[in-house]
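This report walks through one predicted protein model, from single residues to the chain as a whole. The sequence and the structure come next.

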Amino acid sequence: MQRNNMKRPKITDVRATTIALPLEAPLRHSNGAHWGRFVRTIVEVDTDIGVTGLGEMGGGGESAEAAFRALKSYLVGHDPFELEAMRFKITNPTASLYNNRTQLHAALEFACIDIVGKVLNIPAYDLLGGKLRDAIPFASYLFFRLPNQENGQGEVRTADQLVEHALALKKQHGFQAHKLKGGVFPPDYELEAFHALAHAVGSDPVRYDPNGALSVEDAIRFGRGIENLKNDYFEDPTWGLNGMRRVRANVKIPLATNTVVINFEQLAANILNPAVDVILLDTTFWGGIRPCIKAAGVCETFQLGISVHSSGELGVQLASMLHMGAVIPNLVFTADAHYHHLMDDIILGGPMKYQDGAIQVPTGPGLGVALDRDKLGKYADYYKSTGGYPYDRDPARPGWFSLVPNTRWADPADSRPVKY
């Protein structure tokens, strides 16, 4: 048998660059807001054969550069093909109790998969089992939004504004499913707005996600109030597996989560004592593309639904989501993405395009995306000038913080301009 004499790469450096990229308008959620921009850390993993892999991580409005620098000594000399070894080097379940590194590992895994694909000259999806679909369909991801402080545009506060925004996105991008991020205003107000949205989009399915802010009792009442709509699922209406079980027993809509089943221990608990019907797989929250694919296999076995979840991606992480979605056989729901709220991207060619609500899976080697160095520098400078922001605070409500369950809602009549 002839041996493969290909030189196996070794990691020589890990470089991280924090950028801030403007949004059309600040996005409000049950625990705070994205303050008019996403702060992301772009990771570049260099090797001794001249191949560099790309990763990306969020961080709740904060930089993760220092955390990646701290892991450099773990990685220099490591073979990027050895993904399981890297998992235990970085996220050994006992060792990482003191410094949870799951999301850091995800960005590094993206980069190593990118390297391996480039070395073998094949796209990431061929490393992961081969693609079953050429494009991934997405839902419109709708938020209540504050006005852009520069131009006063983009506010979504009323039901009419929500419907107008949803229909504009449907016309522009071709979305055929629609998700509302709620938990900002009083539940009865959002119930009325969600009904207006569902009726405006006709036969398109809808989904509502208050990020676990509702009490069990309010979640049951809200769920019963939308049972007549064409719901994909009811996402994270309340907090905790047991809270979700109580809602599930009283509402005739499948429940979904990206908050209370985000690891294999929680997935096992959910299978043994069901609380959630649809698991939303996030390539960051689960620690990479491969853990999501493993979890999808478990869900396939037990006939749990899955979808691709968004945690505020730019083009590098979006590529990880596309490759993951391409190879999973049981992907029956449209994916989530914040992507259409962005004003730009840091990848060559600019933002990826939606066509009929879907984005094509990149076909180049590795993740199939490359950095636009000018854009990376531009938005790194923008971060230096604007800094981070507290993701769990709302610039429109100084001093406010969320309770679980929450009872302190934003005032839907408050239209004062906000600086952020």
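## Strand β13 and S307

S307 lies in strand β13, which covers residues 305-308; helices (H or I, at least four residues) and strands (E, at least two) are DSSP runs numbered from the N terminus. With a relative accessible area of 1%, S307 is buried, where buried means under 20% relative accessible area, exposed over 50% and partly exposed in between, for a 1.4 Å probe and protein chains only. When its neighbours within four places in sequence are left aside, S307 is in contact with Y233, V278, I279, L280, L281, L331, F333, T334 and A335, a contact being heavy atoms within 4.5 Å.

This is a predicted model, in which local features need pLDDT of at least 70 and side-chain atom pairs count only at pLDDT 80 or more, while totals for chains, interfaces and linings use all residues. Residues are numbered from 1 along each chain as its sequence is written, and side-chain values use heavy atoms, with hydrogens and water left out.

V184 is found in the loop between β8 (178-181) and α6, and with a relative accessible area of 1% V184 is buried. Not counting residues up to four places away in sequence, V184 touches R28, H29, S30, F144, E190, R397, W409 and A410. The C-alpha atoms of V184 and S402 are 9.7 Å apart in space, although these residues are 218 residues apart in sequence.

G202 sits in the loop between α6 (187-200) and β9, and at 47% relative accessibility G202 counts as partly exposed. Between the C-alpha atoms of G202 and Q176 there are 9.9 Å, with 26 residues separating the two along the chain.

## Aromatic pairs

Rings of Phe, Tyr and Trp (its six-membered ring) pair if their centres lie within 6.5 Å, with planes under 30 degrees apart counted as stacked, over 60 as edge-to-face and the rest as tilted. The count by this rule comes to 12 aromatic pairs. For Y141 and F143 the ring centres are 4.7 Å apart and the planes stand at 35 degrees, so the pair is tilted; both Y141 and F143 are buried.

Y208 and F222 form a stacked pair, with 4.2 Å from centre to centre and 15 degrees between the planes. This pair links distant parts of the chain, with Y208 in strand β9 (residues 206-209) and F222 in helix α7 (residues 216-225), 14 residues apart. Y208 counts as buried at 0% relative accessibility, and F222 is buried as well, at 3%. Ring pairs also link F194, Y208, F222 and F234 into a cluster.

## The chain as a whole

The chain has 12 helices and 14 strands, and its C-alpha trace spans about 65 × 50 × 45 Å along the principal axes. For 420 residues a compact globule would have a radius of gyration near 22 Å, and the 21 Å of the chain agrees with this; the radius is taken over C-alpha atoms, and the globule rule is 2.2 Å times the number of residues to the power 0.38. Of the contacts in the chain with a separation of 6 or more, 75% are between residues 24 or more positions apart.

Buried residues make up 58% of the 420 residues. The chain exposes about 17,000 Å², of which carbon and sulfur atoms supply 51%, the accessible areas coming from the Shrake-Rupley method with a 1.4 Å probe.
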